Amino acid sequence: MKYLLLICADPSIEVSSDVGGAEEWVEEMDRRRVRLEGHALRPASEGRSVRVRDGRVLIGDGPFVET
């Protein structure tokens, strides 16, 4: 069985060092050889919106609604 773990964080917010972070979890899972791989998502500013309307695929820049 495989699981997906998604960690969402706001890069503009600084996390206190006394709070356990994802790095500790990653190190533990790597040590136990149970983590397959992991990568950071690209910034939201590079996102694309994909929609299907009337059978046509529409691709827009950014994760925002076009008006």
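What follows is a short chat about backbone angles and a surface patch.

Mentor: Ground rules: this is a predicted model, where local features need pLDDT of at least 70, side-chain atom pairs count only at pLDDT 80 or more, and totals for chains, interfaces and linings use all residues. Residues are numbered from 1 along each chain as its sequence is written, and side-chain values use heavy atoms, with hydrogens and water left out.

Trainee: Is Arg-33 buried or exposed?

Mentor: Arg-33 is in the loop between helix 1 (22-31) and strand 1 (48-53); helices (H or I, at least four residues) and strands (E, at least two) are DSSP runs, numbered from the N terminus. Buried means under 20% relative accessible area, exposed over 50%, and partly exposed in between (1.4 Å probe, protein chains only). Arg-33 has 75% relative accessibility, so this residue is exposed.

Trainee: What is phi of Asp-54 near?

Mentor: Most residues other than glycine have a negative phi. Asp-54 sits in the loop between strand 1 and strand 2 (56-61), and its phi is positive although the residue isn't glycine. The value is near 50 degrees.

Trainee: Which strands each supply at least two residues of the nonpolar patch?

Mentor: The patch on the surface is formed by Val-50, Val-52, Val-57 and Ile-59, with about 430 Å² of accessible area together. Val-57 belongs to strand 2 and is exposed because its relative accessible area is 57%. The strands that each supply at least two patch residues are strand 1 and strand 2.

Conventions:
Patches are made of residues with over 30% relative accessible area and no salt bridge: like charges are joined within 9 Å, nonpolar side chains (Val, Leu, Ile, Met, Phe, Trp, Tyr) within 5 Å. Accessible areas come from the Shrake-Rupley method with a 1.4 Å probe; for residues, only the protein chains shown count as cover. A salt bridge is a side-chain nitrogen of Lys or Arg within 4 Å of a carboxyl oxygen of Asp or Glu.
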